[in-house]
Amino acid sequence: MLKAKMHQQLRLKEEAGEMLREVDFHQLKIENTQFLRQIEQYNQDLLQLKVMTGQTQIVLNSYKRKLQKMLAETKQLLSEITSRHELLQKIELETTEVEKVGGTEHVLPNLLTLLFL
């Protein structure tokens, strides 16, 4: 009796299942089409993002090259400033030494006049 009841339930489920299968299959087909459209849209969005990333990378590399040039120029200018500062200190030191000696400024013109006489 239990076996007969189980067979009847199984047969009812199979009959209902066939109807459900067709409806479910149609619904799955619709959902599949929708998902395929979504995937296509996501792929297009991804492609646009890749293009934007490539363009951004090109701009970034350009800025990096400009920065490297400016850093090199800055280094060269700092070196020149240091060199000129050292030269200025040397000139100031020589000027103070000349000022300490004092009368040499007047002696030089006198010597020059003596040489030309």
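What follows is a quick chat about this predicted model.

Me: Let's start with the fold. How many helices and strands are there in the protein?
Reply: The protein has 2 helices and 0 strands. Helix α1 covers residues 2–101.

Me: Which residues form a nonpolar patch on the surface?
Reply: That patch is made of Phe35, Leu36 and Ile39. Together they have about 310 Å² of accessible area.

Me: Where is Ile39 found?
Reply: Ile39 sits in helix α1.

Me: Switching to charges. What does the salt bridge count come to?
Reply: The count comes to 1 salt bridge. Glu80 pairs with Arg84, and their closest N and O atoms are 3.1 Å apart.

Me: Where do Glu80 and Arg84 lie?
Reply: Both are in helix α1, 4 residues apart, which is about one turn of the helix.

Me: Is Arg84 buried or exposed?
Reply: Arg84 counts as exposed, because its relative accessibility is 57% and the cut-off for exposed is over 50%.

Me: What about Glu80, how does its relative accessible area come out?
Reply: Glu80 has a relative accessible area of 31%, so Glu80 is partly exposed.

Terms used:
Residues numbered from 1 in each chain as written. Predicted model: local features only at pLDDT ≥ 70, side-chain atom pairs only at ≥ 80, totals over all residues. Heavy atoms only, no water. Patch = residues over 30% accessible without salt bridge, like charges linked within 9 Å, V, L, I, M, F, W, Y side chains within 5 Å. Areas by Shrake-Rupley, 256 points an atom, 1.4 Å probe, with all protein chains shown as cover. Salt bridge = Lys/Arg side-chain N within 4 Å of Asp/Glu carboxyl O. Buried < 20%, exposed > 50% of the residue type's maximum accessible area, 1.4 Å probe, protein only.
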